[in-house]
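Subject: Handover of a structure and its findings

Dear colleague,

Please find below the structure that I am passing on to you. My notes on what was found in it follow directly after.

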Amino acid sequence: MTYKETLDWMFVQLPMYQEKGKSAFNGKLDTIRALSDHLGHPERTFKSIHVAGTNGKGSSSHMLASILYEAGYKVGLYTSPHLKDFRERIKIDGEPISKGNVIDFVAENRPFFEAQQLSFFEMTVGMAFDYFAKNRVDIAIVEVGLGGRLDSTNIITPEVCLITNIGFDHMDMLGDSLSKITYEKAGIIKEKVPVVISEYQEEVADVFESAAREKKTKLVFASQEVHNSYPTSLLGHYQARNCKGVLAVLKQLKGFVIREEHLKNGFLRVVENTGLMGRWQVLQHAPKVVCDTAHNSEGLTLVLKQIDGQHFDSLHMVLGFVMDKNLDSIFPLLPKKATYYFCRPNIRRGMEVEGIMEKAQAYGLEAQAYTSVKEAYEAALKKALDTDFIYVGGSTFTVAEVL
């Protein structure tokens, strides 16, 4: 198969959460353990840092990878979802896995995938771990896909765990309260493996404390213990919170030499070293266009605060959502003095524009509906003056289509 045919087989034939939602959520680790056994347990051959959380886990993972790369280590990086190309999910020293490696891995293991009915995500995790093992990385930064306790990445025994923050997201699978969601995220905590929590949240701190006691491990709340910060190439003001978590993780990481220059350069070169996209990414000026993958009320609150600090005449918001988003928690946050261009991301889980428009009218927003992200974005560019500001977001997939 060609690279495109391989991806088509992975995306279409097997369940993929990003496309199908809850129906693709496995909810158990049996099959990923079977795959690990089939591959010879590659995850046991390299050291790792495991990263979970509602918001900030992707940025934090890329920061960690950048700093460790600056320190001279060979660094694997596994993240999800991708924005432009599947290979963004699996990188070593900022370089994506080759198309040939993707093709060969699927071709070699396809009979096993079909026999075991593995999910898209399980196959991808197995591919990443196998690739990191064969290339003998010094350490891999492994981002949780969904939740933590039952996520396919949760077969590793890392050097340190990082949980960025807790918010309401994927409630149909993780639970309808912050404590239930926290319980799922805290499921990555391992016996005697130190765990860092980027942000202290009083309402869920006891869940983390209980999990740490049970696993007999050290618990660090970075927002209380880390008082310094570094400038970073990731432009959102909210990155300062992620920076503290990253610094606390590196303090707990044993056996790796990380100097001040590595920290400074690592934070400043995150985008250059890792290729991270979609975090307060400036696409053009005059009018200024920024996209950001924030997709829940907690993430959007931080982004909207940053928008409020920008200088512009009029604000244009190009937004598209997926079906599991609670618009009643998002729409009260949206500024009334803005023009909205609502659209449906081109995936199966994309929320229909008609429902979004009904909510917009209920909340008194000036809005138009568009049949695609491309059409909405082009309409905003056409209407906006050079002194205006255009924001693109609401979903990772909305951002991906603009990029």
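Is Phe86 buried or exposed? Phe86 is buried, with a relative accessible area of 1%; buried means under 20%, exposed over 50% and partly exposed in between, for a 1.4 Å probe and protein chains only. Before the rest, please note that this is a predicted model, in which local features need pLDDT of at least 70 and side-chain atom pairs count only at pLDDT 80 or more, while totals for chains, interfaces and linings use all residues. Residues are numbered from 1 along each chain as its sequence is written, and side-chain values use heavy atoms, with hydrogens and water left out.

Aromatic pairs

A search of the whole structure finds 19 aromatic pairs. Rings of Phe, Tyr and Trp (its six-membered ring) pair if their centres lie within 6.5 Å; planes under 30 degrees apart count as stacked, over 60 as edge-to-face and the rest as tilted. Phe86 forms an edge-to-face pair with Phe11, because the ring centres are 6.4 Å apart and the planes stand at 75°. This pair links distant parts of the chain, 75 residues apart: Phe11 is in helix H1 (residues 3-13), and Phe86 is in the loop between strand E2 (75-78) and strand E3 (90-92). Helices (H or I, at least four residues) and strands (E, at least two) are DSSP runs, numbered from the N terminus. Phe11 counts as partly exposed, at 24% relative accessibility.

The rings of Phe312 and Phe389 have centres 5.6 Å apart and planes at 35°, so this pair is tilted. Phe312 lies in the loop between helix H14 (297-308) and strand E11 (315-320) and Phe389 in strand E14 (residues 389-393), so the pair ties together parts that are 77 residues apart in sequence. Phe312 is partly exposed, with a relative accessible area of 28%, whereas Phe389 is buried, at 1%. Elsewhere, ring pairs link Phe321, Phe331, Tyr340, Phe342 and Tyr363 into a cluster.

Nonpolar cores

A nonpolar core is a set of buried Ala, Val, Leu, Ile, Met, Phe, Trp, Tyr and Cys residues joined through side-chain atoms within 4.5 Å. The largest core has 35 residues, and those with the most contacts inside it are Met10, Met127 and Phe132. Among the elements that give two or more residues to this core are H1, E3 and helix H6 (120-134). H6 gives the most, with 10 residues. Leaving aside residues up to four places away in sequence, Met10 touches Phe86, Val106, Phe120, Met123, Thr124 and Met127, where contact means heavy atoms within 4.5 Å. A second, separate core of 33 residues includes Val51, Ile141, Tyr230 and Val270.

Cavities

The structure holds three cavities of 30 Å³ or more. A cavity is a set of points, on a 1 Å grid over the protein atoms alone, where a 1.4 Å probe fits but cannot get out; lining residues have an atom within 4 Å of a point. Grid points are joined across faces, edges and corners, and a volume is the space filled by probe spheres set on the points. The largest cavity has a volume of about 800 Å³. Its lining is made up of 45 residues, of which Pro81, Arg279, Thr293, His295 and Thr396 lie nearest the centre. Helix H4 (57-70) is one of the elements that give two or more residues to this lining, and the largest share, four residues, comes from H4.

By class, the lining has 11 nonpolar, 22 polar and 12 charged residues. Here Ala, Val, Leu, Ile, Met, Phe, Trp, Tyr, Cys and Pro count as nonpolar, Asp, Glu, Lys and Arg as charged, and the others, Gly among them, as polar.

Backbone features

Most residues other than glycine have a negative phi, and most peptide bonds are trans. A cis peptide bond joins Ser80 and Pro81, with omega about -5°; Pro81 is in the loop between E2 and E3. The bond from Ala286 to Pro287 is also cis, with omega near -5°.

Arg136 has a positive phi, near 50°, and is found in the loop between H6 and strand E5 (139-143). Arg136 counts as exposed, at 72% relative accessibility. Lys192 has a positive phi too, near 60°, and Lys192 is exposed at 62%.

With kind regards

Notes
On a 1 Å grid over the protein atoms alone, a cavity is a set of points where a 1.4 Å probe fits but cannot get out, and a pocket is an open set with protein on both sides within 12 Å along at least five of seven lines; lining residues have an atom within 4 Å of a point.
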